[in-house]
Amino acid sequence: MKIKRLRWWIIALVCFGTIVNYLSRNSLAVLASTLMTQMRFSTREYSYVVGAFQLAYTIMQPVCGYVLDFFGTRTGFALFALLWSLASCLHGFATGWLSLAFFRGWLGLTEAAAIPAGVKAIAEWFPAQERSVAMGFFNIGTSLGAMLAPPLVVFVQLRYNWRVAFLVTGGLGFVFAGAWWLFYRSPSQHSLLSEPERVHIMSGQGATLPTADNGGRKPAVLQILRTRRYWGIAIPRFLAEPAWQTFNFWIPVYLTTERGMNLQDIAMLAWLPFVAADIGSVVGGFVSPFFMKLFKMPVVNSRLAGIVLGATCMMGPGCIGFTASAYGAIGLLCVGAFAHQVISCMTNTLSTDLFGSHEVATASGLAGTAAWAGGLSFSLIVGALAHSVGFSALFACLSVFDIIAAIVAIVLLRDFGNVVMPLKSLMEHTR
């Protein structure tokens with residue numbers, strides 16, 4: 001028996017794993033006020049707990065990418081999912097901010113596999129012309145997980161307690177790990193893939209860079225770091241990621257401290273920016289094909305146009321200080337979340353366009369390290385300055401960062417506009 005359009009079922013499975021991943025990481029932000037009260041630690045110490053996750057995640061992304069490239073997507077992602085689920089459950093046994101930071105760091109070490117795994121799966125399962133659409137649906141998982149976290153975690157906390165909330169969100173990861181191991185295979189090995197679809201997938205793999213079996217080659221980390229195409233992705237991700245980190249870890253704190261909302265208000269409203277992020281993920285996926293069809297843009301140029309579009313929309317949260325209404329603030333955060341996911345879709349898809357299958361997860365992980373270095377740095381700045389300068393000035397910085405990110409991407413990647421070229425020719429362009 002064959003399954004029609006199996007590649008889209010594969011991306012649905014990847015999306016499910018990303019939802020579970022983000023449910024685990026966003027549970028902390030929802031419970032932040034409760035944990036700070038019950039464990040008696042400050043906003044500054046909360047930033048250290050967040051920083052433990054971010055630092056571990058930052059360091060581990062290229063390691064996860066390398067493991068995924070070396071051992072394969074199926075084995076690597078299932079293993080990491082088991083480990084992050086255990087770490088998430090152990091949050092429920094924390095007794096203070098130090099133990100919470102320890103479990104948070106463990107979670108960061110293992111959850112770092114999610115984005116490289118998703119990028120690698122898309123590179124394996126989709127022809128180049130469909131990758132941005134697949135990436136858009138994959139990115140939905142990041143915002144769906146963040147969107148579902150407030151109502152789910154608040155419900156479990158009010159029904160039971162905060163410890164059970166961590167056990168519930170962590171336990172879902174074990175379900176995903178089993179489903180991934182049972183169902184995921186590469187296109188060349190999947191028994192449920194029809195031959196016409198296999199041909200369709202493989203015929204589009206060479207539209208950018210060769211993505212056939214790597215023949216046992218190890219990803220060349222230093223070689224990746226020496227290429228301009230890597231920095232054309234890494235620097236924009238460094239500048240854009242602080243926005244997403246701020247939305248994920250600080251929106252509930254912002255709504256509590258500056259907008260005077262209680263836990264029930266947060267459960268009702270804090271998920272709305274992530275609905276907008278879902279819309280941004282889908283729209284972002286179709287932006288690139290739209291530019292290619294309407295303006296006859298080459299693949300990479302269409303991704304760059306999408307980044308410019310997202311950076312323009314990111315001016316929304318920069319204006320948050322000009323609204324006195326909490327609902328207006330939520331609206332501007334929705335604009336920002338939409339914009340970020342458009343940018344994220346484009347930058348992540350560029351990894352599949354510019355790197356081969358034997359190195360795409362490693363390249364994505366290395367770029368992820370750059371991104372999370374930016375997110376970690378800005379999160380610590382938020383923790384140190386939120387009370388003194390206010391969140392409005394910090395949100396304005398996010399808008400400026402994304403505009404600079406778009407400029408850098410254009411400058412470094414404009415020469416790759418015509419990516420339909422042999423690998424040898426492309427490598428010559430990176431020197």
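Modeller: Let us begin with the length of a helix. Helices are DSSP runs of H or I with at least four residues, numbered from the N terminus, and the expected span is 1.5 Å times one less than the number of residues. In this predicted model, local features need pLDDT of at least 70 and side-chain atom pairs count only at pLDDT 80 or more, while totals for chains, interfaces and linings use all residues. Residues are numbered from 1 along each chain as its sequence is written, and side-chain values use heavy atoms, with hydrogens and water left out.

Colleague: What span should the 23 residues of helix 17 have, and how far apart are its end C-alpha atoms?

Modeller: At 1.5 Å a residue, helix 17 (residues 391-413) should span 33 Å, and its end C-alpha atoms are 33 Å apart, which agrees.

Colleague: Which residues of helix 17 are buried?

Modeller: Buried means under 20% relative accessible area, with exposed over 50% and partly exposed in between (1.4 Å probe, protein chains only). The buried residues of helix 17 include F391, L394, F395, D402 and L413. Their cover includes helix 10, helix 13 (299-313), helix 14 (315-318), helix 15 and helix 16, where contact means heavy atoms within 4.5 Å.

Colleague: How is a nonpolar core read?

Modeller: A nonpolar core is a set of buried Ala, Val, Leu, Ile, Met, Phe, Trp, Tyr and Cys residues joined through side-chain atoms within 4.5 Å. Here the largest has 131 residues, among which L35, Y46, F77 and F247 touch the most other members. Helix 1 (residues 6-38) gives this core its largest share, 18 residues.

Colleague: Which residues does L35 touch?

Modeller: Leaving aside residues up to four places away in sequence, L35 touches L28, R40, F41, L100, W162 and F166.

Colleague: How many cavities of 30 Å³ or more does the structure hold?

Modeller: A cavity is a set of points, on a 1 Å grid over the protein atoms alone, where a 1.4 Å probe fits but cannot get out; lining residues have an atom within 4 Å of a point. The structure holds two of 30 Å³ or more.

Colleague: What is the volume of the second largest cavity?

Modeller: Its volume is about 50 Å³. Among the residues lining the second largest cavity are N26, P150, F247 and F274.

Conventions
Helix = DSSP H or I, 4+ residues; strand = E, 2+ residues; numbered from the N terminus. 1 Å grid on protein atoms, 1.4 Å probe; cavity = no way out; pocket = protein on both sides within 12 Å on 5 of 7 lines; lining within 4 Å. Points joined across faces, edges and corners; volume = space filled by probe spheres on them.
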